[in-house]
Amino acid sequence: MTKTVTLQEFIMDGQAAFPFVSGQLTRLLTDLAIGAKIVNHQVNRAGLAGILGATDNINVQDEQQQKLDVFADRTFQRILTAGKSVAGIGSEEREDFILCGDAGRHGKYVVMIDPLDGSSNIDVNVSIGTIFSIHKRTTPMGEPLTDEDFLQPGDRQVAAGYILYGSSTMLVYTTGTGVNGFTLDPAVGEFFLSHPGMQFPEHGSTYSINDALLSRATPPVRTFIDGCRETSDPAFRARYIGSLVADFHRNLIHGGIYLYPSLVGKPEGKLRLLYECAPLAFIAEQAGGSAEDDQGRIMERTPSHLHERVPFYVGSRHLLHALNACRKAPVN
Ligand code: AHM
Ligand code: MG
């Protein structure tokens, strides 16, 4: 029988490879996994626990907060703040950055989080997720955090990951040395390594876009989607769940591209750079895929504010190349 590896063992082994590290990242990843289990428990019993449905609050995104959005946000905030390795948190659900103990003077890391992504799917029992991104603080320890600690480009991330609350619950993450996926065994309450060394298949054939937006998308995106629809490849298919984590995860496993484009009247698209696009871009590149906006690599974008939005194209490299070829093609 082959030995199963728990997430905890995997994280500890990663730390052991770097004998002089402080262990704070290990602690932080462990805390995120604990938060994932608590949120997972609530997601699984949401219909029974009276926490389906909306709150009376409109969040900073101008969207009505769901009760589970609030629960997930509070859970991760509580756990990360208590863990001492985090100096500050930026959340989709909060207007401003949160400074942990003593104005963020202590703690080596800054965390960006979308506590519960895919809010429109909560009430209908469809997969949802959590996305996180971890940066090292830039100001010296002992000083208060500044905006620059939070507004760092994606290529300075030290770790990023997501939790998918799907038919099973998975935690997928990278620390810059490949991507590994862990599945929660609900009977023992432990994540086990189930998807080591995840890689986007070379040739994906799934495209994921909200079709209703297409008439407002840019000409290159429309040309690309026309090409997907008209291809003679019988394997080509459209799949759109409307939960970014779930769409991304399926495409990572089967190969494909996810698009949330620039739109007429909304050139910045919908998805947020710091806690949706940058972490998934880090994972995509570590898995041999690509992640871009209309200008180039997402990982090179320096954010100007917490909730900045960017168009987002992510997935198998050859499909991103095909999209870029549509950008260069002359418009008739
Ligand atoms: P949310 O963070 O409020 O849930 O919004 C992000 C979600 C993504 O998960 C998903 O891919 C996208 O919004 C769906 O948007 P749309 O309904 O416009 O297709
Ligand atoms: Mg979101």
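Residues are numbered from 1 along each chain as its sequence is written, while chains are lettered from A and ligands numbered from 1 in the order in which they are written. Because the model is predicted, local features need pLDDT of at least 70 and side-chain atom pairs count only at pLDDT 80 or more, whereas totals for chains, interfaces and linings use all residues; side-chain values use heavy atoms, leaving out hydrogens and water.

**Domains**

Let us start with the overall layout. The chain is assigned domain 1 (7–195) and domain 2 (206–328), with bounds from an automatic or database domain assignment. Their centres, taken over C-alpha atoms, are 23 Å apart. In the contact (heavy atoms within 4.5 Å), domain 1 takes part with 48 residues and domain 2 with 32 residues. About 2,800 Å² is buried between domain 1 and domain 2, and carbon and sulfur atoms give 65% of that area. Buried area here is the accessible area (1.4 Å probe) that two parts lose on being put together, summed over both. Of the area that domain 1 buries against domain 2, Ile131, Leu151 and Tyr162 supply 21%, more than any other three residues.

**Strands and helices**

Helices (H or I, at least four residues) and strands (E, at least two) are DSSP runs, numbered from the N terminus; two strands pair if DSSP finds at least two bridges between them. An open sheet of 8 strands runs in the order β4-β3-β5-β6-β7-β8-β9-β10, with mixed pairing. Its edge strands, β4 (98–99) and β10 (190–195), each pair on one side only. Two strand pairs are set out here.

| Pair | Sense | Bridges |
|---|---|---|
| β1 (residues 54–58) and β2 (residues 64–66) | antiparallel | 2 bridges |
| β3 (residues 86–91) and β5 (residues 109–117) | parallel | 5 bridges |

In the second pair, glycine 90 stands opposite methionine 112 in β5. Helix α9 (residues 273–286) packs on the sheet and touches β3, β5, β6, β7, β8 (169–174) and β9 (179–185).

Glutamate 92 lies in the loop between β3 and β4 and glutamate 276 in helix α9, so the pair ties together parts that are 184 residues apart in sequence. Glutamate 92 is buried at 3% relative accessible area, and glutamate 276 is buried at 1%; buried means under 20%, exposed over 50% and partly exposed in between (1.4 Å probe, protein chains only).

Methods. Axes fitted to C-alpha atoms, helices over the stretch in contact; angles between N-to-C directions.
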